Amino acid sequence: MLAGGKGTRLRPLTIHTPKPIVPIFERPFLHYQLDLLKQVPEIDEVILSLNYQPRRIEEIFGDGSDAGLNIRYVVEPAPLGTAGAVRYAGESLHESVVVFNGDVLTNVDLAAVLRLHRERKAKATIVLTPVDNPTAYGLVETDAQGNITRFLEKPKADEITCDTINAGIYVLEPDTFDRIPKDEPWSIERSFFPSLIERGETFVAYVDRGYWIDIGTPEKYTQVHRDIMDGRCVAPPFATAPGSTVIAPGARVEDGAVIEGPCYIEEGAVVKAGAHIGPYSVIGRQCHIEEHATIERSILWASTRVCQDAVVRRSILGRHCHIGRNASVEDGVVLGDKSVLTDFSRL
Ligand code: GDD
Ligand code: MG
C-alpha cells in the first residue's frame, strides 16, 4: 500500500493526521482497504509504504493482528515517488504484488483481478474505473482485447479520449522492478507504465464499474461519507442500515434535540436540547453540540465544541475546535485541529 503522500489537498486536516488514517466515521481510512485485502486469502502480507508521519500510522495498525493481517512497514528515507516506493518496498519480493494507492475506496473483486492477471500472464494488470472527468486522474486507453495502449497522467481537457482512469490498484510482477531507478524519485504513472507500453509488455486492464472514490480532496472526503450513509458504498457503520440515523450506544442525545438522518453520532458525543443535527452530519467522539446549535452536511472530528446557537453547514472541522456562540461556519470551510472561532464570528 502506497501510503506515503503528504495529503496536501486535504490540508489542514492532514497536518496532524496523515491521509491514510483520516477518519471515515471515526475509523482510520486504511481499515476500509484492509477489509478488502482480507477477503483474498492468498494475500499473505501487507506492506505499508510510508514516508509522512509513519509512526502515527504504525501506532494504529501495529503488526496487523487486530485487523487479522500480517502487516509490515517500510519507511522511505525521502519520498521516492509512486514507482520508487514500490521498488523500495518490494525489494525482497518474488511473487505477484498487489499495489494499492492508500486513498482509494472500492469494493472491487481483487481475487478476480488476480485471476485475470494470471490468465493473461501479464507483467502488470491495472484496475480501471469510469469517471465523468478524468483530468484529476490517470487516463487509460485500451484496445478491444483489454490491453493497455496508452497511459496519460492528469490529462488536459483537450487530451481526453475515453472515460476510463487508473483506479490506483495494480498487480505487478516483481521482475519488472529493476527498471525503476534505485533511490531516486520515479513515478509509476508517468514513467513506469508508459515504459511497459513502449516495450510491448503484456499490460492488461480490469474494468470495474462498481463503487470507487479517491478520498484525497475535501469534496471527495465529504462525498465518501454521504455515499456510505446512502448505501451507494456498502461499508460500516451503515453497511446494514443505509439511510438511517446511527447513534453509538455511548452518545448522549438530550430530549428536545432534533436529529434528521442519515447521520452519525459517535460515542461520547453530547447533543443538547434544542440542537439540530441535519442530514449527512457526522458528529465525532466527545463532541459537544450545545443548545440550539445547528449542524448540517458537516463532518466534525473528535472533541469539537459547537456552542449555543452556532451554525455549521457543509464544512469539515478537525479535532478540538471551538465554535463560539452564534458563530456560523458555512459552505466548504475546512478547519484544522484546534481552530477557535469566537462568538458571533462568520466564516
Ligand atoms: N510511499 C510513498 N512515497 N507513497 C506515495 C508517494 C511517495 O513518494 N507519493 C505518493 N504516494 C502515495 C499517496 O499517499 C497515495 O496513496 C498514492 O501514492 C497516490 O498519490 P496521490 O497523490 O493520491 O495521487 P493522485 O490521486 O493525484 O493520482 C493517483 O491516483 C489516481 C486514482 O486515485 C494516480 O495513480 C492516478 O493515475 C490515479 O488515477
Ligand atoms: Mg489520490
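This is a predicted model: local features need pLDDT of at least 70, side-chain atom pairs count only at pLDDT 80 or more; totals for chains, interfaces and linings use all residues.
Student: Which residues lie nearest the centre of the largest pocket?

Tutor: The largest pocket, with a volume of about 810 Å³, is lined by 35 residues. At least two lining residues come from each of α3 (81-90), β10 (164-172), α5 (188-198) and β12 (212-214). Nearest the centre of this pocket are Arg9, Lys19, Thr82, Asp103 and Glu189.

Student: How many residues in the lining of the largest pocket are charged?

Tutor: Sorting the lining of the largest pocket by class gives 11 nonpolar and 14 polar residues. The remaining class in that lining, the charged residues, numbers 10.

Student: What is the volume of the second largest pocket, and how many nonpolar residues are in its lining?

Tutor: The second largest pocket has a volume of about 560 Å³. Its lining has 25 residues, and the closest to its centre are Glu45, Leu93, Ser96, Val97 and Val98, while β3 (46-50), α3, β5 (97-100) and α4 (110-119) are the elements that give two or more residues to this lining. Beside 4 polar and 5 charged residues, the number of nonpolar residues in the lining of the second largest pocket is 16.

Notes:
Residues are numbered from 1 along each chain as its sequence is written. Chains are lettered from A and ligands numbered from 1 in the order in which they are written. Side-chain values use heavy atoms; hydrogens and water are left out. On a 1 Å grid over the protein atoms alone, a cavity is a set of points where a 1.4 Å probe fits but cannot get out, and a pocket is an open set with protein on both sides within 12 Å along at least five of seven lines; lining residues have an atom within 4 Å of a point. Grid points are joined across faces, edges and corners, and a volume is the space filled by probe spheres set on the points. Helices (H or I, at least four residues) and strands (E, at least two) are DSSP runs, numbered from the N terminus. Ala, Val, Leu, Ile, Met, Phe, Trp, Tyr, Cys and Pro count as nonpolar, Asp, Glu, Lys and Arg as charged, and the others, Gly among them, as polar.
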